[in-house]
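I opened my notebook to look up a few side chains and see what surrounds them. Come along and keep the structure in view.

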Amino acid sequence: SLFLSFVYILQCNDGTYYTGYAVDLEKRLQQHQEGMACKYTRGRRPVSLVYHEKLVSKSEAMSREAAIKKLTRSEKETLIRST
């Protein structure tokens, strides 16, 4: 496919948001649910995917991830609602 990477936002069990990027989104989500993805989400499971974007390259996904991480919580919520 044309899209090679994803940027995504998870809502954790405690209501917080986690932003990340992945090449294989389904596999990455499974890793988060199993507690194998990162320390942040491990103790905040279950997580749910509330937003994702498809991007053409890993570097684009990484810069988009960095931009989303700079948003305030309410800006992230606006982004999530926009889908």
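Here are my entries, one topic at a time.

**Entry 1: before I start.** I remind myself that this is a predicted model.

**Entry 2: salt bridges.** How many salt bridges does a search of the whole structure find? I searched and got four. I kept the general idea in mind: side chains of opposite charge can pair when their charged atoms come close.

I began with Asp14 and Arg44, whose closest N and O atoms are 2.9 Å apart in a salt bridge. Asp14 sits in the loop between E1 and E2, and Arg44 in the loop between H2 and strand E3 (48-55), so this pair ties together parts that are 30 residues apart in sequence. I looked up the accessibility too: Asp14 is partly exposed at 44%, and Arg44 is partly exposed at 26%.

Next came Arg64 and Glu53, a salt bridge with its closest N and O atoms 2.9 Å apart. This pair links distant parts of the chain, with Arg64 in helix H3 (residues 58-69) and Glu53 in strand E3, 11 residues apart. Arg64 is partly exposed, at 26% relative accessible area, whereas Glu53 counts as buried at 16%.

Then I checked Glu65 and Lys69, where the closest N and O atoms of the salt bridge are 3.1 Å apart. Both residues lie in helix H3, four residues apart, which is about one turn of the helix. Glu65 is buried at 12%, while Lys69 is partly exposed at 46%.

Entry 3: Lys76 belongs to helix H4 (residues 73-81). Leaving aside neighbours within four places in sequence, Lys76 is in contact with Tyr17, Thr19, Ile68, Lys69 and Leu71.

**Entry 4: Thr41.** Is Thr41 buried or exposed? I looked it up: Thr41 counts as buried, because its relative accessibility is 0%. Thr41 is part of helix H2 (residues 39-42). Not counting residues up to four places away in sequence, its contacts are Leu10, Cys12, Tyr18, His32 and Val47.

**Entry 5: a surface patch.** Last, I looked at the outside. Leu2, Phe3 and Val56 make a nonpolar surface patch of about 290 Å². Leu2 lies in the segment before strand E1 (5-11), and Leu2 is exposed, with 70% relative accessible area.

Note on methods:
Residues numbered from 1 in each chain as written. Predicted model: local features only at pLDDT ≥ 70, side-chain atom pairs only at ≥ 80, totals over all residues. Heavy atoms only, no water. Patch = residues over 30% accessible without salt bridge, like charges linked within 9 Å, V, L, I, M, F, W, Y side chains within 5 Å. Areas by Shrake-Rupley, 256 points an atom, 1.4 Å probe, with all protein chains shown as cover. Salt bridge = Lys/Arg side-chain N within 4 Å of Asp/Glu carboxyl O. Helix = DSSP H or I, 4+ residues; strand = E, 2+ residues; numbered from the N terminus. Buried < 20%, exposed > 50% of the residue type's maximum accessible area, 1.4 Å probe, protein only. Contact = heavy atoms within 4.5 Å.
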